[in-house]
Amino acid sequence: MLGLDLITPEYLAVLDPFADEAKRIVEASPPLEALPAEIVERAVRRVKWTTREMLVEPDLESIRAEVLSFYLMCQAVASVSFPGSQEVRLISEATRNTLRYRMYDLFKRGQADLCLRAVKRSINLVDLEIGDTIRVDRFTIPREDFYKLRDLKLAEDGLETVDDRILPQYLPRYAVRWTDLAPLLRHRRKELARLYLVGGWAVITPRDLWDLYANFISVRLEDYVQSVYERILESGAQPSGVLARVGERISSLVPKEVFVREEFGRGPAGRLRPEFFPPCMKLALNGVGAGLRNYAVMMMLTPFLSYARVAPSGKVATRMADFIKDISVVREEIAPLLFEAAERCNPPLFQDQPQEKAGIFYHMGFGMTTEPTLSDSGRSKWYRPPNCSKIQMSAPSLCRPDEFCRKVKNPLTYYFRKRYEASKGGGGARDEDA
Amino acid sequence: MRMREATPEERRRFYLEEWDKREVPDFILHTISLREFGFDLDGKGPNNRYNQFTTVEQLGDFLRSRAPYSAYASVALYERPSAREGWLKAELVLDIDAKDLPLKPCGCPPGSVCERCLEEARQVAKQFAEVLAGDLGLRNISFVYSGRGFHIRVNDESVMTLEGNERAQVVDYVTGGVIPSDFTLALGYSQVFRERLVRTFRALGPEKLLEVKGLRKSVVQRLMQEKERVIEMIRRGRLEEISSLEGLGPKTFRSLLEFLTRLNAEFTDGKVTIDTKRILRLPSSLHSGVSMKCLVVRDIDRFRLEEAVPKFLREGEG
């Protein structure tokens, strides 16, 4: 299979698609529409690769196909979805698995140096000094900790014993500066308190290294997709045919369990009408990425869904209790939608910010509580959804206006007006008392 | 030490006679034109924002002419501080407010401070800074006495571009705010967590322990009676032995552990740390609410509250 003795410097692009070697390949490539069919196919297929499919031959043609299909996959997803979407998560996870497997495979074949060269371009990495004492920099690591770390890693993988061939993968061997792992902390891929830190160095095993690095690249992929997405939005251009086609094919591979409309089947029929929701709220309901989670769930969805459901006139109200007689509207209809949207965020909002559950009820006017009652209504302010101009400024990636958006200045107006127009046209929509 | 509000006349006197530009720390002095300054001119809150000074003399002129109730500078550096635009980087900051300590060694009511709780805040600040310098390997760490507590201000380039999420994890690490996967490792977070747990558990009284879900009165009494033994178990990382105390099953032990961990996290206000555009009280300025000087602490071990007493208060009491 791989003639690894013939590996060229360009092979680094296989381990780091954002390396200069990869950029040079992209710059020298033909326009997207002119890419050969096998690269287009590869851009879709790579989402579902397993083990050996992830490996790349060390010849220039294979490296080129690998890099171009990677960029086609990213740009295609950016053109049909949005940052933090299911599609982005799908390609991010696939890329992480691919990178991890490639690192593992190269280590196994005695090509650890190549991996380390790729890693060291982004992360400050040193070898542990393992002799009579175990040291990193000027700090000594107790031998007992060294072996405990091995055992903890084995336990994490559910292993009690492993053979001598596998064992070295679980022994601490390197150290990296924790501050270089900031992108992983930011995206909650790693937790600082789960790292073994000494003098600013995180002590890691080879397996940790593969995992950290694979996560590192997948986080960079997410940032890259976001930048492409913003570029597309700014330019206002329609994505090219090949991008749309590849994007849609990747979309079709997303597991089907999350679709907004299905979720609304739970509420009594005819109450919330998601088909009249503005695009920004639909996007927010599908879950968003780390930087936008609070804004999307707390400031946009919570007021929007609560006013849309409870105050049918859309007029400013001070207390929800003026509109509802039964708290189950809040607890069983509105809150579950919000909790599910929060769960779909990446990472799920309540995973690292459980206190925000109470924040949801706070923004609906019930004060800081997770068990709201009608008598709590009015304890805090019942927030209105922000105006479109504000959303555009605070969450530009969620603002993908359609034709109807031009007529309104607030997402709630969009909803009520669209529903009203549909009812006039015989669509059957009507307000119901909550 | 009596802490009381300064009068407008005392504020004026302080800024005319006592304020000294040499007490503005270098980390602010060298970046003064890149920081946003905010002022509370009348004791109603820091509403006067978006100020920029290109020299410390300009800042001094402003302070002397307006004698503000409070003065603040941003932890962030901006390309255009007067518009709060072009964020470049921000200090990493921990705020240990003596009035908000979750467990106060003194009887003073919530929201107020005395010398004992300030001393407790000093100890906490010192412990936090040891972890920042030790485990996290950070340099350029300064302490500031803020009037009601202490600020730790880290001007290490490697952390100044961190965003809120990463800073929140630093708070978790330094405070012992998450339960670790292992309690027995000699170094790293395992050690930090054990130390924080010991401090928190030692300071706990029976009333506070009764807040733990499922913890019966008799078990609380036992935990209090055997406090030193429990502390020893924590120190040695043998936390599972605590759960074997009579009447304390694994489930209640978990509740207890979660309760202690939550308390650990409350020793600093995490919102201050994660806010990369925060304004913090300006070292050298007067905290008019308590009539104390906010100042850089050169040696945290030898800090004496008297250093922060302004002349007008000393003379008034002398």
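Q: Which exposed residues does the face of helix 6 of chain A turned away from its buried side carry?
A: In this predicted model, the buried residues of helix 6 (residues 112–120) of chain A are A:L114, A:C115, A:A118 and A:V119. Viewed down the helix axis, these buried residues fall within an arc of 135°, so they line one face of the helix. The face turned away from that buried side carries the exposed residues A:D113 and A:K120.

Q: Against which elements of chain A do the buried residues of helix 6 of chain A pack?
A: The residues in question are A:L114, A:C115, A:A118 and A:V119, which are the buried residues of helix 6 of chain A. Their packing partners in chain A are helix 1 (12–15), helix 5 (86–108), strand 1 (125–127) and helix 9 (206–235).

Q: Which element of chain A gives the most to the side of chain A that touches chain B?
A: The contact between the chains takes 22 residues from chain A and 24 residues from chain B. On the side of chain A, at least two residues each are supplied by helix 7 (143–156), helix 8 (182–186) and strand 6 (197–198). By class, this side has twelve nonpolar, three polar and seven charged residues. The element that gives the most to it, with four residues, is helix 7 of chain A.

Q: How do the residues of the side of domain 1 of chain A that touches domain 2 of chain A divide by class, and what are the numbers?
A: Chain A is divided into domain 1 (4–221) and domain 2 (266–424), and the centres of these domains, taken over C-alpha atoms, are separated by 39 Å. Nine residues of domain 1 of chain A are in contact with twelve residues of domain 2 of chain A. On the domain 1 side, the division is two nonpolar, four polar and three charged.

Q: Which strand of chain B gives the most to the side of domain 1 of chain B that touches domain 2 of chain B?
A: The assignment for chain B gives domain 1 (8–92 + 276–317), domain 2 (94–152 + 162–176) and domain 3 (189–265), with the C-alpha centres of domain 1 and domain 2 lying 20 Å apart. Between these two domains of chain B, 19 residues of domain 1 are in contact with 18 residues of domain 2. Strand 9 (279–281) and strand 12 (295–297) of chain B each supply at least two residues of the domain 1 side. The one that gives the most, with three residues, is strand 12 of chain B.

Q: What is the bridge partner of B:I141 in strand 8 of chain B?
A: Strand 8 (residues 149–154) of chain B is mostly covered, since six of its six residues are buried. Strand 6 (residues 92–97) of chain B pairs with strand 8 in the antiparallel sense over six bridges, and B:D97 stands opposite B:G149 there. Strand 7 (residues 141–145) of chain B also runs antiparallel to strand 8, joined to it by five bridges. In that pairing, the partner of B:I141 is B:V154.

Q: Is B:S284 of chain B buried or exposed?
A: Phi of B:S284 is near 100°, a positive value in a residue other than glycine, and the residue lies in the loop between strand 9 and strand 10 (286–287) of chain B. The threshold for a buried residue is 20 or more other C-beta atoms within 10 Å. Because B:S284 has 25 C-beta neighbours inside 10 Å, the residue counts as buried.

Q: What is the value of phi near which B:S291 lies?
A: B:S291 is found in the loop between strand 10 and strand 11 (292–293) of chain B. With 24 C-beta neighbours inside 10 Å, B:S291 counts as buried. Most residues other than glycine have a negative phi. For B:S291, a residue other than glycine, phi is positive and near 55°.

Q: What separation is found between the C-alpha atoms of A:I324 and A:L374?
A: A:I324 lies in the loop between helix 13 (293–310) and helix 14 (328–343) of chain A, and with 19 C-beta neighbours inside 10 Å A:I324 counts as partly exposed. Although A:I324 and A:L374 are 50 residues apart along the chain, their C-alpha atoms are separated by 8.4 Å.

Technical notes:
Residues numbered from 1 in each chain as written. Chains lettered and ligands numbered in written order. Predicted model: local features only at pLDDT ≥ 70, side-chain atom pairs only at ≥ 80, totals over all residues. Buried ≥ 20, exposed ≤ 12 C-beta atoms within 10 Å, placed from the backbone. Pairing = 2+ DSSP bridges. Domains from an automatic or database assignment. Contact = placed C-beta atoms within 7 Å. Nonpolar A, V, L, I, M, F, W, Y, C, P; charged D, E, K, R; others polar. Arc of directions from axis to C-beta.
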